[in-house]
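Visitor: I'd like a close look at a single part of this molecule: the side-chain pairs and the packing around them. Where would you start?

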Amino acid sequence: MTLKPDHAAVFSPPAAGGRFAAGEDPAKRQQILAGAKRVFMKMGFDAASMNDVTREAGVSKGTLYVYFTNKEELFSAMIETERAAFVAAVRTALAEHDDPEAGLYEFGISFVTHMTDEKVINAMRTVLGVRDRMPVLCQRFFKGPVNLRTIMRDFLERQIAEGRLEIDDIDLAAGQFLDLASGSFFKLRLFGSMEEPPPRDEIERVIRGAIRVFMAAYGVRRHETA
């Protein structure tokens, strides 16, 4: 299956009469995606049908097919929308911090809290369940053109340029922090060994430890002169 690009930023403006062309109303599209999310999270991809989505979203079948030609396209759009929203939120959070430790802390807390949330874990399991039929979807979900690693890389490049970090291999460092921050939480949640999301104090303990290790490796050491 070939994924279409996200439509969110490419809608044509409404005509002079104030009405969008068929399939071009962003509010209607979001209404459908919200209903689809509830259906897919409750029923899973295979059990869900387009009829289930029309009922949950409160739209006609004709309207649904104007926006999405099949269940695969709808599911892909829903996953991409969710992923893009989280990535944008994390990017904004990092942009607000000049101090590397404060930025890494904010990023780490948001990252682990999101990745261990029940709805996100269910979505990941669903994506993995359709990987043979929709390999491109899996690639975009876990990698994507803009993902957590690229956002972390941008943050680290800014910190290096401002003299706060010293890093030779930025891609390696970005991956290292993601691995340090996630600890074993993500795998335990994904494979069902941890039934509930980790408590906040445990997430904070792991993130603080990750920052200590990361800054010991890459922090600029200031030496006072006599």
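Guide: Let's start with the helices, which, like strands, are DSSP runs numbered from the N terminus (H or I, at least four residues, for a helix; E, at least two, for a strand). The model is predicted, so local features need pLDDT of at least 70 and side-chain atom pairs 80 or more, while totals for chains, interfaces and linings use all residues. Residues are numbered from 1 along each chain as its sequence is written, and side-chain values use heavy atoms, without hydrogens or water.

The protein has eleven helices and zero strands. Helix α4 spans residues 71-95, and within it Arg83 and Glu80 are three residues apart, which puts about one helical turn between them. These two form a salt bridge (Lys or Arg side-chain nitrogen within 4 Å of an Asp or Glu carboxyl oxygen), with 2.8 Å between the closest N and O atoms of Arg83 and Glu80. Both Arg83 and Glu80 are buried (under 20% relative accessible area; exposed is over 50%, partly exposed in between; 1.4 Å probe, protein chains only).

Asp154 is partly exposed at 34% relative accessibility, and Arg91 is partly exposed at 35%.

Now to helix α11 (residues 200-218), where Arg200 and Glu204 sit four residues apart, about one helical turn. Arg200 counts as partly exposed at 47% relative accessibility, whereas Glu204, at 17%, counts as buried. Shared partners join Arg200, Glu204 and Arg208 into one network of salt bridges. Between Arg200 and Glu204, the N to O distance is 2.8 Å. Over the whole structure, the search finds twelve salt bridges.

A nonpolar core is a set of buried Ala, Val, Leu, Ile, Met, Phe, Trp, Tyr and Cys residues joined through side-chain atoms within 4.5 Å. The largest one here has 35 residues, and Phe107, Leu156, Phe177 and Phe214 have the most contacts inside it. Helices that each supply at least two of its residues include α4, α8 and α11. The largest share, eight residues, comes from α11. A second, separate core has 25 residues, among them Phe75, Val127, Val130 and Leu137.

Leaving out residues up to four places away in sequence, Phe107 touches Val90, Leu94, Leu148, Met152, Phe177 and Leu178 (contact: heavy atoms within 4.5 Å). Phe107 is buried at 2% relative accessibility, and Phe111 is buried at 7%. Phe107 and Phe111 lie four residues apart in helix α5, so about one helical turn separates them.

The structure holds seven aromatic pairs (Phe, Tyr or six-membered Trp rings with centres within 6.5 Å; planes under 30 degrees apart are stacked, over 60 edge-to-face, the rest tilted). One of them is Phe40 with Phe45, stacked because the ring centres are 6.0 Å apart and the planes at 20°. Phe107 and Phe111 are stacked too, with centres 5.9 Å apart and planes at 25°. Ring pairs link Phe107 and Phe111 with Phe177, Phe214 and Tyr218 into a cluster.
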